Amino acid sequence: MPEEKEFYMTEEGLQKLENELEYLKIERRQEVVERIKIARDFGDLSENSEYDAAKDEQAFVESRIVQVENMIRNAVIIQDEDVSPDIVSLGRTITFQELPDGEEESYTIVGSAEADPFEGKISNDSPIAKSLLGRSIGEEVVVPTPAGEMNVKIINVE
């Protein structure tokens with residue numbers, strides 16, 4: 001049997017998933033069931049686009065419930081007490097500067113389940129995070145990108 005993937009996340013990320021699961025099971029399921037009931041009343045199911053759309057939505061909701069349950073079951077909460085405070089690790093916010101004279105950028109490194117670049121949270125599987133993990137303040141690091149290599153200097157770790 002294949003080994004389950006571990007999902008690294010913060011306590012906050014786990015709480016968000018638990019809240020999403022509760023919402024999906026309690027509210028969304030019921031909403032979709034109501035949509036299916038209403039669509040059935042429209043008559044012939046073979047040519048009923050509302051019914052088809054509601055069934056598709058039901059499949060999506062059920063699929064997402066299974067996915068979120070799996071992520072919660074295999075969650076590994078990020079614990080960084082054992083790592084030096086100036087070392088880049090999961091759960092930490094990293095500020096770096098693109099060399100030679102780029103602007104400073106800050107990202108929090110989180111597990112893939114919690115990643116949201118628009119909120120400044122990048123996955124530990126991303127090229128930037130992979131290159132920075134385990135490094136410390138002041139180090140210069142080469143980060144592979146699709147456009148070529150990028151040289152950065154770690155300015156701060158929080």
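Two strands are taken to pair if DSSP finds at least two bridges between them, and strands (E, at least two residues) and helices (H or I, at least four) are DSSP runs numbered from the N terminus. The views below come from a predicted model, in which local features need pLDDT of at least 70 and side-chain atom pairs count only at pLDDT 80 or more, whereas totals for chains, interfaces and linings use all residues. Residues are numbered from 1 along each chain as its sequence is written, and side-chain values use heavy atoms, with hydrogens and water left out.

**View 1. The open sheet of five strands, in the order S5-S4-S3-S7-S6.** The pairing within this sheet is mixed, and its edge strands, S5 (121-123) and S6 (140-145), each pair on one side only. Direction ignored, neighbouring strands are turned by 45 degrees against each other on average, with axes taken as lines fitted to C-alpha atoms and angles between N-to-C directions running from 0 to 180 degrees.

**View 2. The hairpin of S3 and S4.** Strand S3 (residues 93-98) and strand S4 (residues 104-110) run antiparallel and are joined by five bridges, and five residues lie between the two strands of the hairpin. Isoleucine 94 stands opposite tyrosine 107 in S4.

**View 3. Strand S7 and its pairing with S3 and with S6.** S3 and S7 pair in the antiparallel sense over five bridges, and glutamine 97 has lysine 153 in S7 as its bridge partner. Six bridges join S6 to S7 (residues 148-157), and these two strands also run antiparallel; here valine 143 is opposite methionine 150 in S7.

**View 4. The packing of helix H1 against helix H2.** Helix H1 (residues 11-40) and helix H2 (residues 49-73) pack at an angle of about 160 degrees, with their axes, fitted for helices over the stretch in contact, 9 Å apart. That makes H1 roughly antiparallel to H2, a term for angles over 145 degrees. By class, the contact of H1 with H2 has 15 nonpolar, one polar and 13 charged residues, where Asp, Glu, Lys and Arg count as charged, Ala, Val, Leu, Ile, Met, Phe, Trp, Tyr, Cys and Pro as nonpolar, and the others, Gly among them, as polar.

View 5. Leaving aside its neighbours within four places in sequence, asparagine 70 is in contact (heavy atoms within 4.5 Å) with Glu4 and Phe7.

Definitions and conventions:
Parallel < 35°, antiparallel > 145°, perpendicular 65-115°, else oblique.
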